[in-house]
Amino acid sequence: MSRVERALRVHVPATSANLGPGFDTLGIALAYGDELVVVTRPEPGATVTVIGVGEGEVDTDERNLVVRSAAFVFERLGRDMPGLNIEAHNRIPHGRGMGSSGSAIVSGVMIAAGLLASDPVNPFELSEAQIFAFATELEGHPDNVAPALFGGLTIAWTNEQGPRFKRLLVHRGVAPLVLVPTFTMSTEHARSLQPKQVPHEDAVFNVSRSALLIAALTQSPELMLEATEDRLHQNYRGAAMPATRDLIGALREAGHPAVVSGAGPSVLVLSNGPRERLAAADLVAQIAPEWRILTLAVDIKGATVEEIPVDSAFSSRV
């Protein structure tokens with residue numbers, strides 16, 4: 001690896017997975033993300049400066065998930081990773097079901113891809129499939145990393161060749177609203193609450209709603225309330241996050257298509273237009289004023305990486 005100093009800027013959006021019935025399969029990218037500035041250095045190792053979410057909490061050296069993810073790619077390809085100085089401007093809440101760990105992993109993979117491609121001595125271009133495969137292997141499943149990488153609505157699955165995805169455009173009438181509580185939820189704990197087997201009728205129910213949800217998100221947002229019904233995972237997790245369960249119940253009773261965002265405890269509302277989204281936000285402000293309300297758009301770009309001048313890399317805050 002060349003020792004020429006280089007700088008990159010990486011942006012990765014937040015995500016919401018499952019979307020109700022699409023457990024471990026569907027995900028959507030949200031226009032609310034983390035941005036990192038990376039400068040290589042001749043000394044080995046890494047130093048991470050965190051600004052925003054996670055400041056004073058996450059690792060700031062080689063143990064940082066972003067650094068470990070980048071190092072994983074270099075190691076797999078048999079290349080030496082340069083030393084890194086990283087400035088991470090974090091907005092995605094941690095432990096709230098908005099894909100923070102997936103975003104960190106994607107950030108690291110994108111850093112590796114950018115550095116490999118820009119190496120002036122021995123450049124190497126990672127393919128889209130390689131980037132997706134590395135991120136999926138690190139995360140463990142593809143439903144969060146797919147929308148983080150590629151934007152929009154994604155359907156993710158695996159076969160004998162590895163992880164696969166299909167990106168779809170979301171109907172312009174879909175207006176996401178994310179409701180973020182003060183408490184957190186471990187993804188591992190949330191998954192442990194689900195049974196290994198479910199009744200046949202519940203499986204059929206979710207198959208029908210998942211199919212309907214694709215139609216609602218891409219063509220017919222007016223079907224969203226029925227399309228976001230779920231019997232596969234949300235009910236089993238409800239006891240562990242009763243405030244989330246109760247808020248979803250109140251929103252759905254009022255006609256708003258609310259679901260658990262990822263593993264929770266945040267809530268995603270897939271409103272049919274800005275007017276319905278505003279009504280949902282007003283209801284939350286009345287019944288759960290302690291929840292943070294994020295009025296967001298669908299991110300259509302996904303993760304991006306670009307080379308920037310080294311001498312201006314850390315000159316401004318994002």
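In what sense do strand β7 and β10 pair, and over how many bridges? The pairing is antiparallel and runs over 4 bridges, with β7 spanning residues 174-180. The legends below describe close-up views of a predicted model.

**View 1. Pairing of β7 with β10.** Strand β7 covers residues 174-180, and β10 covers residues 292-295. The two strands are joined by 4 bridges in the antiparallel sense. At V180, the bridge partner in β10 is R292.

**View 2. The open sheet that contains β7 and β10.** Four strands make up this open sheet, in the order β8-β9-β7-β10, and their pairing is antiparallel. From one strand to the next, the twist averages 25 degrees. Strands of a sheet pair through backbone hydrogen bonds, either parallel or antiparallel.

**View 3. Helix α9 across the sheet.** Helix α9, made of residues 242-253, lies across β7, β8 and β9. Strand β9 consists of residues 267-272. Relative to β8, the helix runs at about 160 degrees.

**View 4. The largest pocket.** This pocket has a volume of about 790 Å³. Its lining comprises 44 residues, and those nearest the centre are L65, G99, S100, S101 and G102. By class, 14 of the lining residues are nonpolar, 19 are polar and 11 are charged.

**View 5. Elements that line the largest pocket.** At least two lining residues come from each of the strands β1 (7-17), β2 (26-41), β3 (46-52) and β4 (83-90). The helices α1 (65-76), α2 (100-118) and α5 (187-192) likewise each supply at least two. Which element gives the most to this lining? It is α2, with 6 residues.

**View 6. The second largest pocket.** The space in this pocket is about 220 Å³. It is lined by 14 residues, of which Q234, N235, R245, I248 and R252 are the closest to its centre. Two or more lining residues come from each of α8 (234-237) and α9. Helix α9 gives the most, with 5 residues. The lining has 3 nonpolar, 6 polar and 5 charged residues.

Technical notes:
Residues are numbered from 1 along each chain as its sequence is written. This is a predicted model: local features need pLDDT of at least 70, side-chain atom pairs count only at pLDDT 80 or more; totals for chains, interfaces and linings use all residues. Side-chain values use heavy atoms; hydrogens and water are left out. Two strands pair if DSSP finds at least two bridges between them. Axes are lines fitted to C-alpha atoms, for helices over the stretch in contact, and angles run from 0 to 180 degrees between N-to-C directions. Contact means heavy atoms within 4.5 Å. On a 1 Å grid over the protein atoms alone, a cavity is a set of points where a 1.4 Å probe fits but cannot get out, and a pocket is an open set with protein on both sides within 12 Å along at least five of seven lines; lining residues have an atom within 4 Å of a point. Grid points are joined across faces, edges and corners, and a volume is the space filled by probe spheres set on the points. Ala, Val, Leu, Ile, Met, Phe, Trp, Tyr, Cys and Pro count as nonpolar, Asp, Glu, Lys and Arg as charged, and the others, Gly among them, as polar.
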